[in-house]
Every structure is written in C-alpha cells, then in structure tokens.
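This report describes selected contacts in one protein model. Please have the sequence and the coordinates open while reading.

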Amino acid sequence: METTEAEVVHKSSFMERYRDPIFHALRTHDVVIVVAPTGSGKSTDIPIMLLDFADRVVVTQPRRIATESLAYHVAMKMGTELGDVVGFQTAFRENRSPDTRLIYCTDGIEVMRQLHREADSDTIYVVDEVHEWSLNLELLVAWFKKQLSEGKPFKLVLLSATLEADRLAEFFGNAEVINCEGTTFRVEEETHKGGVVSAAVRFLRRGMNVLVFVPGKHEIRETIKGIMNSDVRAKCLPFHAELSSDDVQWIFEAFDEPKCVVATTIAQTSLTIPDIDAVVDSGLERNAEYVNGVEGLYTRPISLAEKEQRRGRAGRTKPGLYIDCLKTPLSERPFFSKPAIERYDLSGLALQILVAGYEPEELAFFHPPAMPRIQEARKTLVELGFLDTQERPTVLGLRAASL
C-alpha cells in the first residue's frame, strides 16, 4: 500500500488542528464532547494540550493497565519523570506528587471523589472512552452532571471515537460537540475464509506486526499455540487485563521478527500499539450479563461501533490492514453495544452510590435503569448485610464498596 502525501500527517499534529476550537468551546461551555478517530491522539495529545488551558487535568480511563501505561508514555513524551508533572492514581496504586498537573486515574467514583476534593476551580476533568458505558462510567457521568447542576466550578471534556454525541450533548444541557474528522492513515479491509490463526499467520508471513482480538484468556492461549505450531517466525505476546504493568510494556517493544499481540477487548481502546500493521478480529467479546435473574459470562458478536474501534488500531503510523473473521452479516449486528447498566445486576452500583452519600433515585443516568431494578438491588444489599434495615451502609457494606 502506498502512502499518499495527504496521509503523511503526524498524529499529534492531527489533534493540534483542533486546539483553537476546543479552547473556544471550553471558554463558553462547562461540558465539551470531542469525537475523534481511533488512534488520533485523544488519550495522550488532548490532555497535554489542556495543560495550556488549566492548572490541573484529570483523565479517567476504564482500565488499570491503560491508566498506568498512558501516564508512563505521556510522561516520556513530555520529557519528565513519571510522578512529577504526569502521574497516575488507581484504587490500589498511585505515582504522583504535589507538583503533578496531569493525573490519569481509573474511573471508580471513590478515586474521582478523592481527586475532586483536592482540586480547585481551575481543573479540567476528561472522561475517556465514554462509548464503553461501563457501570463505572454511567455513575461517573451521572455524578458529574449532579455536581454541575449544583454549581460546582469545573470543566468537563468527554472523549470517544464512537458515541451518540448529540444525545449526550442534550443530556448535559446543550454541551458543545467538536467532531474531529479524518484519520491519519488508511486502513483497508481484506477478506479471509479461515479463522484468526490462519489470518494472523498470513500477515506474519509478510513480515507484518499483527494485533489479534479474541474474547478471553483461553482463546489467547489457543491462538498463540496455533500460531507457534505453524511454520511462521513471530514473537507472540498475550494482552489481557490481569497482566502487570511491566508485562504490558513488552507489547510496545520492537523485535527482530514480526510481532503478534493477541488481546481481549482491552486493546480496543485507550492503548494504541504504534507499530501494528494489521488487525485480525474474531468479531467476538465476552462480558458479564444479567439474564433471567442470573449473572453469567456470555460471548457475543461485537457491535459495528466496536468493529470501527478495533479496525482503528491499525493505521496509527502507516497504512494498515484489517480482517473481520466473524461470519455474522453486518446487517445482523447492532450498531452500539448494550450498555452495562442494562446487562448487569445493579446491587454493586447501588452500593457505590449509597456509600458516596447519594440516593440512586436522585441521580440522572444517561441510560436510566428501571426503578424496580434499583429496588431489587436495595433488597439484595439488605439481605447480604451491606445495608441495615434503614438501608444505610453497614461496616461490611463499606468494605465491600471499597473493593
């Protein structure tokens, strides 16, 4: 694939084009929604840019690995030690100091409330990967809306490549939406009749670095085993949420042979591996889901929006290739995934809200749950001993919420 002159645009210069519109929107609105292509620098370049607008920038990430790795890479990019100007905060680990101005943090409400208590009015909060709509994100967005409705002075920036931006803007009372159009490099889709192993081997034989998406750890092991049993030379690396931060750093390294990163959905957002040439997609993901009163793990086809997220993992620094191995026709796949608040039991969410000092019924959620489900969650928490008979958190409930 040849690279056209128009495509030779460095990622950071891509987001730099939108500095003035973003800053103008922040001067006139409390909430700004930025929609930008996958791999365009939303998670790294926009937070750095915002340091020119505010004294402090707090960026939420849906996963611990993304939180720590992004802080590490942004610190390197800014030429500073991690924990100095750039740091991170998760539920169990932190590396920051009084001089830290850019903080990456996980999206749990307790971490955010702690950072919010420390902040002054010249703080911008950035909620990244909003399209995922996990339970944490639902609660975080509802909490921010309540804080703003109470007149708390801060700015909020919501980032995503694929979300219902106009509907979210209306939810926040006509927030400003900035669409960053275009992409850095083309990603072409190739057809393939086999599975992920044969597709990955096909690219690896061409000397390409490959990212493979599969539903879970078992599929990661089986995929790596299948690739290693072929006659192709490649460095195969697993990538899932249970890895340590040190183990994750290997996926960013260059090797003397082609690299194949086999990952779960964790590689779909936030963390971009810059030297990926091709993406091989099983088209599947595994999530917890609440079905007929029982929560279990189910493997489902990904949505079309998630397909675009995965496809965008290629083409970061050069033209890329993408193979969709799922045989389900596109017309039979949903455009957006079902939000977690509609899939999960709500007992944990209700407990977090009550421990934070709010009533679940008084928060406005982007995807509002039916009230009978909230009442059922309260009943469950009382039965577990997490709430007393007046539905106040017990000592056991406080400990459970902290986990």
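The sections below cover a helix pair, a residue in a helix, and salt bridges, all taken from a predicted model.

## Packing of α6 and α12

Helix α6, residues 135-149, packs with helix α12, residues 347-355, at an angle of about 35°. The two axes lie 10 Å apart, and the crossing of α6 past α12 is right-handed.

On the α6 side, the contact is made by Leu135, Asn136 and Leu139. On the α12 side, Leu349, Gln352 and Ile353 take part. Sorted by class, this contact has four nonpolar and two polar residues, with no charged residues.

Val111 belongs to helix α5, which spans residues 109-118. Its relative accessible area is 8%, and because the cut-off for buried is under 20%, Val111 counts as buried.

Neighbours within four places in sequence aside, Val111 is in contact with Gln89, Thr90, Ala91, Cys105 and Thr106. Phe92 is 19 residues from Val111 along the chain, and the C-alpha atoms of these two residues are separated by 9.8 Å.

## Salt bridges between separate parts of the chain

Side chains of opposite charge can pair when their charged atoms come close. A search of the whole structure finds 31 salt bridges.

One of them joins the side chains of Arg19 and Asp52, at 3.0 Å from N to O. Arg19 is in helix α2 (residues 19-28), whereas Asp52 is in the loop between α3 (45-50) and β2 (56-61). Asp52 is exposed, with a relative accessible area of 54%.

Lys318 and Asp277 also meet through their side chains in a salt bridge, at 2.8 Å from N to O. Lys318 is partly exposed at 31% relative accessibility, whereas Asp277 is buried at 13%.

## A further pair and a network

Glu150 and Lys152 form a salt bridge between their side chains, with an N to O distance of 3.4 Å. Glu150 is partly exposed at 41% relative accessibility, and Lys152 is also partly exposed, with a relative accessible area of 34%.

Which residues are linked in a network of salt bridges? The network links Glu189, Lys307, Arg311, Asp324 and Arg333.

Definitions and conventions:
Residues are numbered from 1 along each chain as its sequence is written. This is a predicted model: local features need pLDDT of at least 70, side-chain atom pairs count only at pLDDT 80 or more; totals for chains, interfaces and linings use all residues. Side-chain values use heavy atoms; hydrogens and water are left out. Axes are lines fitted to C-alpha atoms, for helices over the stretch in contact, and angles run from 0 to 180 degrees between N-to-C directions. Helices (H or I, at least four residues) and strands (E, at least two) are DSSP runs, numbered from the N terminus. A crossing is left-handed if the near helix is turned anticlockwise from the far one by less than a right angle, and right-handed if clockwise. Contact means heavy atoms within 4.5 Å. Ala, Val, Leu, Ile, Met, Phe, Trp, Tyr, Cys and Pro count as nonpolar, Asp, Glu, Lys and Arg as charged, and the others, Gly among them, as polar. Buried means under 20% relative accessible area, exposed over 50%, partly exposed in between (1.4 Å probe, protein chains only). A salt bridge is a side-chain nitrogen of Lys or Arg within 4 Å of a carboxyl oxygen of Asp or Glu.
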